[in-house]
Amino acid sequence: MRAPEEAPVSNPQASQNRYRADLREMKFLLFEQFRLGDILGQAPFENWGVDEASMVLDETYKFACEVLGPLNQVGDKSGCRLEGGRVLTPEGFKEAWTKLYEAGWKNVSVNPDWGGQGAPHALYALVEEILSGANTAFNMYPGLAHGAAEVIQLFGTARQKSLFLPRLYGGQWGGTMCLTEPHAGSDVGSSRTTAKKLADGRYQIRGTKIFISGGDHDMADNIVHLVLARVEGAPPGTKGLSLFIVPRLRVKDDGTIEGSNDVAVGSIEHKMGINGSATCVLNFGENDGCIGELVGEVENHGMAQMFKMMNGARIAVGVQGVAVASSAFLNALDYARDRKQGPSIDHWKDPTAPRVAIVEHADVRRMLLEMKAKVEGIRALIVKLALHQDQVHVHQGSDDQKAQYHQGQVDLLVPLVKAYGSDQAFRVCEMAIQTYGGAGYIKDYPVEQYCRDAKIFSIYEGTNHIQAMDLVGRKLAQRGGQNLQEFLGDVAAFVQKNQGHPTVGPYLAELGAAQEALAGTAMRMLTWFQTGRMAMVPLAANRFLEMMSVVAVGWLLLEGAVLASEKAASLPNDESSARDRAFYEGKRHAAAYYARHVLPEVRSHAEILGREDRSPLDIPTDAFASL
């Protein structure tokens, strides 16, 4: 789908909008495959219907193309700068921030009690995809404010909620999450940031945090930092960490800003991508004047509280991944349809044959179909996870067994969405560059920026190996392994039900074989835990996460293809339905490609893990290179 006409932008540096989104595909997922309409109109979504949800997607896309998209290249070129101890964002960002909150798109799913619209998570996930796809770097700022507000909403005191939530959700104040320290990296338990309790119940904070996205900016009046720190005398490791609300500027209970809170920006990073997002080194309490307050009222619960924000952020990274990958694919498709080069393969020896669009060349078509399948499959996985979240809210208190099932699937799918979504985003962007050829490597086209921006996704919010270890070390064992068994059972039930389908049935054997290979590998990993061969677990974790992700994506693509086949068969065979027929045909081909070319990798991975190879462990460190 091509973007709407670009609105004029006052910024003389602003480039044209180059963001593309397929709203037809998004609406298929929401309203046809996952039947969001079944829960719209009932608590807690009683104020929502299909028309309202569809309109939100349309209007968000229009906003993204008119306001955020034209600033994406601007932010990439100019980046952020540090002047007088403050971060200045790229030209146009501040105005876009104001317009975003005026439009209300960041608060679509926020509880109406705090000024939101109470929409389902499944809809909000696609709203976030549109905003992130148009301008990933910009959307990180309000995304972090939203995440900080959610933590305070869940764990804060009544006073903290009334003071911070309206300003965080309303865009007056920004927010951050502050975990990483220079010496520790991902080893959060090694935190040296300290919190000294004062007589009035507040805490004096001192320490340095690094890689803080949105750590400072000029778009909001204040920034609320959520800081992990250790109270004097607390236990070592993560069990001794507490979470503190530390505003950049001190505030009174009525929200009045008092002045400096001794939070200083030490520097900003100069990065490979997302240059419009300020990644800061923050120094807390250099002059012993940084004051924070405990989130809630109990010390040493910081990691449990922060995990709420981290899980939300991990899902958001998966959304970022599919957002950027989708626009890269759609831009590559536009280019392939327009660029003429070489004759058809049928006339490859004829120098006088007419040049054809590169979309006619076999290898370009292969790349386009692989990009399409992965983008659509990962998006389906994200919406599936978000709908599980919505079902938790629907059933909580009325059917606890169903709520528990849906929450278990959320827990299981988070590391898949983050890791597989981000890994494949980079690969799709790389493939988009390859589709362009040499043109893709230059800045005249958007895909080289997409590729640079996408690389960070597999690193921040917990590297993808951390996600893999979270999956195999924690998530597989939850509820005694029942979450995994229910996931495998859902896949198996789909295979059994549809194996005789006239068009999709032939591909179900691959899904069934992949599901069995995944189940067998899970048992193998359990054996490693039980027999003390723990060293094998981190060697195999990444591969297992990919196996499980491929099964999940293959399942959802094939599920969509079954529905698409039925829909296509019901259409009249005339010109009026040509676009819908083509859309549904595309769903079938994407699922077929993934089933034939990607699902078989699961069995291959299972066979490799079955060898229990220890080569990376057995090689002496000095043997890596004799330098």
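L558 is part of helix α14, which spans residues 536-569; helices here are DSSP runs of H or I with at least four residues, strands are runs of E with at least two, and both are numbered from the N terminus. This is a predicted model, in which local features need pLDDT of at least 70 and side-chain atom pairs count only at pLDDT 80 or more, while totals for chains, interfaces and linings use all residues. Residues are numbered from 1 along each chain as its sequence is written, and side-chain values use heavy atoms, with hydrogens and water left out.

L558 counts as buried because its relative accessibility is 1%; buried means under 20% relative accessible area, exposed over 50%, and partly exposed in between, with a 1.4 Å probe and protein chains only. The C-alpha atoms of L558 and Y507 are 8.1 Å from each other, although the two residues are 51 apart along the chain.

The structure holds four cavities of 30 Å³ or more. A cavity is a set of points on a 1 Å grid over the protein atoms alone where a 1.4 Å probe fits but cannot get out, and lining residues have an atom within 4 Å of a point. A volume is the space filled by probe spheres set on the points, which are joined across faces, edges and corners. The table gives two of the cavities.

| Cavity | Volume | Helices each supplying at least two lining residues |
|---|---|---|
| Largest | about 80 Å³ | α2 (50-78), α4 (121-134) and α10 (447-455) |

Of the 13 residues that line the largest cavity, R18, G69, N72, Q73 and Y450 lie nearest its centre. Helix α2 gives the largest share of this lining, three residues. By class, the lining of the largest cavity has four nonpolar, eight polar and one charged residues; Ala, Val, Leu, Ile, Met, Phe, Trp, Tyr, Cys and Pro count as nonpolar, Asp, Glu, Lys and Arg as charged, and the others, Gly among them, as polar. The second largest cavity is lined by D22, E25, S326, F329, L330, V375, E376 and R379, and its lining divides into three nonpolar, one polar and four charged residues.

Some backbone features lie in loops. The peptide bond from A43 to P44 is cis, with omega near 0°, and P44 is in the loop between α1 (23-33) and α2. D262, in the loop between β9 (257-260) and β10 (263-268), is not a glycine but has a positive phi near 55°. D262 counts as buried because its relative accessibility is 10%. D288 also has a positive phi, about 60°, without being a glycine.

Technical notes:
1 Å grid on protein atoms, 1.4 Å probe; cavity = no way out; pocket = protein on both sides within 12 Å on 5 of 7 lines; lining within 4 Å.
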